[in-house]
Amino acid sequence: MLPYTTIHVEASRSYDIHIGRGILSQIGGFLRPLLGECRVAVLTDSTVDDLYGERLIETLGAAGYTADKFVVPAGEASKCADNLLEFLNFMADCKLTRSDAVIAFGGGVVGDMAGLSAALYLRGVKYVQIPTTLLAAVDSSVGGKTAIDIPAGKNLVGAFYQPALVCCDTELMDTLAPEVYRDGCAEVIKYGVILDKNLYDKLQQPPFDRESVVARCVEIKRDVVQQDEFDNGVRGLLNFGHTFGHAIEKMSRFGVSHGSAVAKGMVIAARMAPLCGRGNVAEELSALLAGYGFDLSCPYSADDLFDAILSDKKRRGGNITVVLPEAVGHCVLVGLTVEELHDKLKQILG
Ligand SMILES: NC(=O)c1ccc[n+]([C@@H]2O[C@H](COP(=O)([O-])OP(=O)(O)OC[C@H]3O[C@@H](n4cnc5c(N)ncnc54)[C@H](O)[C@@H]3O)[C@@H](O)[C@H]2O)c1
């Protein structure tokens with residue numbers, strides 16, 4: 001047995017998250033007590049399949065599982081209604097029953113779509129997340145938000161549906177493209193700023209120790225999700241940098257990656273904080289993010305960013321909730337009127 005850390009989540013469905021280097025080889029032992037004997041449908045993407053698809057199917061086979069694999073092209077465009085429907089048909093063709101299961105093997109794209117498929121098929125079958133990107137490990141595989149994109153917007157169709165297990169083999173991340181790994185680092189830094197100064201301090205000298213840092217981020221997300229599974233309050237803290245980041249991502253027509261957009265968004269939020277009577281961490285946060293190679297410039301004007309934010313789904317009535325740092329390790333949710341938001345953005349971006 002290889003060493004691993006287990007983090008337990010108590011939500012509408014309780015589950016364990018195992019984190020360790022090389023633990024994909026032990027997946028059979030993790031699945032057996034949860035699933036018993038059953039069929040599994042694996043959803044993966046073309047890149048992950050080329051790298052690790054055979055290994056997963058062989059490992060599952062050795063553990064006595066009959067596994068059928070469905071591969072979508074790598075990339076966000078695959079998280080769409082056509083692929084969702086095709087995968088549901090595939091599950092039906094494989095004659096999956098309610099005692100069978102889905103495995104998401106990949107980054108957040110595959111994880112979100114597999115989770116939604118599992119929620120929908122036969123009104124719900126179990127699913128297991130095997131995240132293969134840093135972002136999926138620390139964020140999308142934990143907490144039960146599942147979704148696909150539709151032409152009207154990203155993640156507009158989805159469900160809250162918790163997995164039965166998350167198995168995070170950190171060794172798989174060795175093959176990530178540097179920019180994809182860096183995208184995940186933005187989310188890791190986010191956790192430090194919102195809730196954990198110790199974690200933030202640990203991140204000062206990249207590269208960080210992957211296993212312990214992933215485990216700490218997962219713990220933080222677990223604690224937040226346990227308090228507010230359905231995102232009506234404190235879970236909003238996880239959106240630090242995302243209100244602005246999503247707007248930047250959207251305006252760039254997704255040319256700016258999610259992590260880069262979140263990094264820019266976190267700096268805008270940090271600069272907004274003192275304008276709203278909160279703490280000022282903008283300079284030190286910018287230095288940390290720059291050390292990870294993020295370009296922190298915002299290519300859009302205050303007016304453009306404001307318009308893009310207004311069309312985002314996070315708007316409620318005439319108010320916008322933004323996440324602002326009081327200090328490193330302590331963020332708060334602050335309600336602003338749209339006029340206030342516009343005014344602050346103008347002060348920051350001109
Ligand atoms: N459900 C949630 O709570 C939640 C939270 C954050 C983000 N998301 C979603 O997650 C998605 C982004 O996730 P992502 O950044 O993992 O993107 P992704 O799934 O597209 O993966 C990024 C790229 O890395 C490749 N890849 C994956 N694993 C690899 C590996 N081990 N080695 C080499 N290449 C590998 C993929 O093929 C892809 O090209 C978005 O759709 C976003 O909406 C969901």
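Trainee: Which residues are closest to the ligand?

Mentor: The ligand is surrounded by 31 residues, and the closest are Thr47, Ala74, Gly107, Gly108 and Ser140, where a residue is near a molecule if its C-beta atom, placed from the backbone, lies within 6 Å of it. This is a predicted model, in which local features need pLDDT of at least 70 and side-chain atom pairs count only at pLDDT 80 or more, while totals for chains, interfaces and linings use all residues. Residues are numbered from 1 along each chain as its sequence is written.

Trainee: Which elements give two or more residues to that shell?

Mentor: Those are α2 (46–62), α4 (108–120), α5, β8 and α6 (178–195), with helices (H or I, at least four residues) and strands (E, at least two) taken as DSSP runs numbered from the N terminus.

Trainee: And why does the ligand lie between the domains?

Mentor: Domain 1 (5–175) and domain 2 (178–349) both give residues to the shell around the ligand, so it lies between them; the bounds come from an automatic or database domain assignment.

Trainee: Switching to the domains themselves, how far apart are their C-alpha centres?

Mentor: The C-alpha centres of domain 1 and domain 2 are 27 Å apart. Their contact takes 26 residues from domain 1 and 23 residues from domain 2, two residues being in contact if their C-beta atoms, placed from the backbone, lie within 7 Å.

Trainee: What gives the most to domain 1's side?

Mentor: On the side of domain 1 that touches domain 2, α5 gives the most, with 5 residues.
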